[in-house]
Amino acid sequence: MSFQQTASQTVGPYFIIGFQNGVHTDNAGDQAGAVTIHGRVFDGKGTPVTDGVLEFWQADANGHYADASDAGFLRVPLDADGNFTLRTVKPGRVAGPNGTLQAPHLVVNVFMRGLLKHAPTRVYFDDEAANGEDPILALVPVTRRATLIAKPSTDGSYVWDLHMQGADETVFFSY
Amino acid sequence: MSDEVRGYRKPFWNTQPDYIFEPYASTVLRGPTQTPIAMPSTLSEVTGPRFSRDILGEAEDDMTVGNGGAPQGERIIVSGRVLDENGRPVRNTLVEVWQANAAGRYLHQRDQHDAPLDPHFSGEGRVMTDEHGRYRFKTIKPGAYPWRNHYNAWRPAHIHFSVFGDAMAQRLVTQMYFPGDPMLDVDPIFRATADEAARMRLVSSLDWENCVSEYALAYRFDVVLRGRLETPWEQ
């Protein structure tokens, strides 16, 4: 057999059949300092995407990644209006390249019908001074950084919308 | 430096689909148009969830039982290995599978194809790979089904696979096809991968060794996840 990565294929419209047992939208439970992040996902015409799912991976509040469990993983399907909502604890800072520290963030993979391969991105928090020294945000043109940043809303939750295309196209990464 | 993180291999030219592939119409408004921003792998990308075997319920590796009776269709056994590009088995990793029934109908509210649902088939399965990266499940052969992408568009029979691996960087969702399916040549999703050899690796092979005489045919499908680079990523 060949040792090249298997080609990705779309999750299609019916992924929830296979994904439903792994849906997990609350990492906070009764921990103190829980935060809620919610938002919507839009296509290139501004139409909400109703058949997609976001997967998140994050460190704990002390900046430690679980090395033998699924603690820190979230799988959040989009609803019939393209909305998602998750509850978690804000992750601590983790090491970046060359001795840097990264700002608190969650790693995100976006899956949907019409995406032949998932789209990797990240979400940061607007009220973190550390964003200014984050080594990954620094790779993103200043004008596009806002697409990666969840903004506090009046009720204390964070709002983060994703745009697959258009003037506000979310920054996606390759690594 | 001690805090350098070894990243993962990049895909070989044309062996992964692009985001936009016009023959697959839904990509046109959904695929990102800007070039993804290249970044080094950090701790965040080279770690990932590890699922416990305890999450698996009874017989999640057998889609032919658990729904009150035997489903209609041709019973098959699907097995293979999950390896990385360095040839190492990916051990104890979660594999999720889902599929249409023998008539080509998914158990999903939005699937309105006029083919019968099967009360004895839900089309969902989960398995964990073993110490050698092997997995195995039992199901029925899915049917082809129509979609609205173009006139007379039918998907070739396929089983969806979701594999986690050891790191977010290894995450993979793909589809397994069946050998000799005439719809493969005219399926935009299959053909979205330009490299023919890469495409053909999505087609399972008849697995003589694992067939069970007078009971079930078997198909073999190996999955390769990204392999770790040998040296740290250079900036």
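In the predicted model, the side chains of A:Arg75 and B:Glu96 meet in a salt bridge, with an N to O distance of 2.8 Å. A salt bridge here is a side-chain nitrogen of Lys or Arg within 4 Å of a carboxyl oxygen of Asp or Glu. The rule finds four salt bridges across the interface of chain B and chain A. On the side of chain B that touches chain A, the largest share, five residues, comes from strand β9 (residues 172-177) of chain B. By class, this side of chain B has 37 nonpolar, 22 polar and 19 charged residues. For this classification, Ala, Val, Leu, Ile, Met, Phe, Trp, Tyr, Cys and Pro count as nonpolar, Asp, Glu, Lys and Arg as charged, and the others, Gly among them, as polar.

This is a predicted model, in which local features need pLDDT of at least 70 and side-chain atom pairs count only at pLDDT 80 or more, while totals for chains, interfaces and linings use all residues. Residues are numbered from 1 along each chain as its sequence is written, chains are lettered from A and ligands numbered from 1 in the order in which they are written, and side-chain values use heavy atoms, with hydrogens and water left out.

The contact between the chains takes 78 residues from chain B and 72 residues from chain A, where contact means heavy atoms within 4.5 Å. The size of an interface is often given as the accessible area lost when the parts come together. The area buried between chain B and chain A is about 6,900 Å², and carbon and sulfur atoms give 56% of it; buried area is the accessible area (1.4 Å probe) that two parts lose on being put together, summed over both. Between the two chains, 41 residue pairs are in polar contact, both residues being at pLDDT 80 or more. A polar contact is a pair of N or O atoms within 3.5 Å; within protein, one must be able to donate a hydrogen and the other to accept it, and residues adjacent in sequence count only if both atoms are side-chain atoms.

Strand pairing also links the chains. Strand β10 (residues 173-174) of chain A and strand β1 (residues 37-38) of chain B pair in the parallel sense over two bridges. A:Ser174 has B:Ala38 as its bridge partner in β1(B). Two strands pair if DSSP finds at least two bridges between them; helices (H or I, at least four residues) and strands (E, at least two) are DSSP runs, numbered from the N terminus.

Within chain A, eight of the eight residues of strand β5 (residues 105-112) are buried. Buried means under 20% relative accessible area, exposed over 50%, and partly exposed in between (1.4 Å probe, protein chains only). In a regular strand the side chains alternate between the two faces of the sheet. From β5(A), A:His105, A:Val107, A:Asn109 and A:Phe111 point one way, and A:Leu106, A:Val108, A:Val110 and A:Met112 the other way. Strand β2 (residues 52-57) of chain A runs antiparallel to β5(A) and is joined to it by six bridges, with A:Gly52 and A:Met112 as bridge partners. Six bridges also join β5(A) to strand β6 (residues 119-125) of chain A, again antiparallel; here A:Val110 has A:Ala119 as its partner. In the hairpin of β5(A) and β6(A), which has six residues between the strands, A:Gly114 takes a positive phi near 90°.

In chain B, five of the seven residues of β5(B) are buried, so this strand is largely enclosed by the rest of the structure. Strand β2 (residues 75-84) of chain B pairs with β5(B) in the antiparallel sense over seven bridges, and B:Val78 has B:Phe137 as its bridge partner. The loop between β5 (134-140) and β6 (145-147) of chain B holds B:Gly143, which is buried, with a relative accessible area of 12%. Leaving aside neighbours within four places in sequence, the contacts of B:Gly143 include B:Ala100, B:Asn101 and B:Ala157.

B:Thr15 is found in the segment before α1 (27-30) of chain B and is buried, with a relative accessible area of 1%. The side chain of B:Thr15 reaches the backbone oxygen of B:Phe12 at 2.6 Å. Beyond four places in sequence, B:Thr15 is in contact with residues including A:Gln4, A:Ala7 and B:Thr193. B:Asn14, in the segment before α1 of chain B, is partly exposed at 33% relative accessible area.
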